[in-house]
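User: I would like to go through a structure with you, one topic at a time. Please keep the answers in plain sentences.

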Amino acid sequence: LPLPTQITVSISDFITQRWYALFLIIGLSAYGFVRWKKTERGRMQWDRIKLRMPAHVGDVVHKVALARWSRPFAGTVASGVPMLQAIKVAGATSGNAVIEEAMNDVYDSVRTGGSIAKPLMENPAFPAMVAHMVSVGEDSGQLETMLEKIADFYETEVDAKVKALTSLIEPLMILGVGGMIGVVIIAVYLPLFSVYDKVQTTGVIVSSFASDALANLLQIAPF
């Protein structure tokens, strides 16, 4: 059998005859992933992976984290919460370990008399626009206003990106299902084509042999 057919048959046999192993593998993998993600190192690695996901998914995750960071930060600053406490709350509510780690640097900077904007400028997790607006807010005494504007901007961006991604889901699903069906069809028909080629080759050989035999008979015939 051709290789694609062998692979398809092997997968089919595994699913139909050893389905329990498939469920066991999926269950153990999910359990291991959850346990790994709960560790400090695993959470940090997973959040970095989410920020780098392709097809604009990572961009959406990043903007959601920035919106979730700036909105509570603005609220706590506006309500008079001490700055160090507000920084800790903003990092914890961002929902991303990368942003939270960056806010730890901001915390250390403010505690030693530094600014909020400088650590943000040095951290690639924060766009230059965000760091610049925070710097303007610090200098003008309108930090909560600038943070509100950052939150409004990224919430609008997230809505637009989510709508764009949603419109792509249906074509991607159609392509995926069509690709799977195409693979199965190819795997089914490849053996038929292989048999046809072999039969055709055998027929040519038999026909050639019969022609040679007939020619030899004609040569030795007494007429």
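User: How are α1 and α2 oriented to each other: roughly parallel or roughly perpendicular?

Analyst: This is a predicted model, in which local features need pLDDT of at least 70, side-chain atom pairs count only at pLDDT 80 or more, and totals for chains, interfaces and linings use all residues. Residues are numbered from 1 along each chain as its sequence is written, and side-chain values use heavy atoms, with hydrogens and water left out. In this model α1 and α2 are roughly perpendicular to each other, a label for angles of 65 to 115 degrees, while under 35 counts as roughly parallel, over 145 as roughly antiparallel and the rest as oblique.

User: At what angle do the axes of helix α1 and α2 cross?

Analyst: The crossing is at roughly 85°, and the axes of helix α1 (residues 3-17) and α2 come within 4 Å. Axes are lines fitted to C-alpha atoms, for helices over the stretch in contact, with angles from 0 to 180 degrees between N-to-C directions.

User: Which residues meet there, in α1 and in α2?

Analyst: Phe14, Ile15, Thr16 and Gln17 of α1 meet Trp19, Tyr20, Ala21 and Leu22 of α2, where contact means heavy atoms within 4.5 Å. The residues of this contact of α1 with α2 comprise six nonpolar, two polar and no charged. Ala, Val, Leu, Ile, Met, Phe, Trp, Tyr, Cys and Pro count as nonpolar, Asp, Glu, Lys and Arg as charged, and the others, Gly among them, as polar.

User: And how do α3 and α6 lie to each other?

Analyst: α3 and α6 are also roughly perpendicular to each other. Their axes come within 8 Å and cross at roughly 110°, with helix α6 covering residues 97-111. Arg43, Met44, Asp47, Arg48 and Leu51 of α3 make the contact with Ala97, Val98, Glu100 and Glu101 of α6. The residues of the contact of α3 with α6 divide into four nonpolar, no polar and five charged.

User: Stepping back, how many helices and strands does the chain have?

Analyst: The chain has nine helices and zero strands. Helices (H or I, at least four residues) and strands (E, at least two) are DSSP runs, numbered from the N terminus. Buried residues make up 25% of the 223 residues in the chain; buried means under 20% relative accessible area, exposed over 50% and partly exposed in between, with a 1.4 Å probe and protein chains only.

User: Now the rings. How many aromatic pairs are there?

Analyst: The structure holds seven aromatic pairs. One of them, Phe33 with Trp46, is edge-to-face, at 5.1 Å centre to centre and 85° between the planes. That pair links distant parts of the chain, with Phe33 in helix α2 (residues 19-38) and Trp46 in helix α3 (residues 40-51), 13 residues apart. Rings of Phe, Tyr and Trp (its six-membered ring) pair if their centres lie within 6.5 Å; planes under 30 degrees apart count as stacked, over 60 as edge-to-face and the rest as tilted. Ring pairs also link Trp19, Tyr20 and Phe23 into a cluster.

User: Why does Phe33 count as partly exposed?

Analyst: Phe33 counts as partly exposed because its relative accessibility is 32%.

User: What about Asn123, buried or exposed?

Analyst: Asn123 is buried, with a relative accessible area of 16%. Asn123 is in the loop between α7 (117-122) and α8 (128-140). Not counting residues up to four places away in sequence, Asn123 touches Ala102 and Asp105.

User: Last one: where is Val9?

Analyst: Val9 is in helix α1 and is partly exposed, at 37% relative accessible area. The C-alpha atoms of Val9 and Val188 are separated by 9.5 Å, although these residues are 179 residues apart along the chain.
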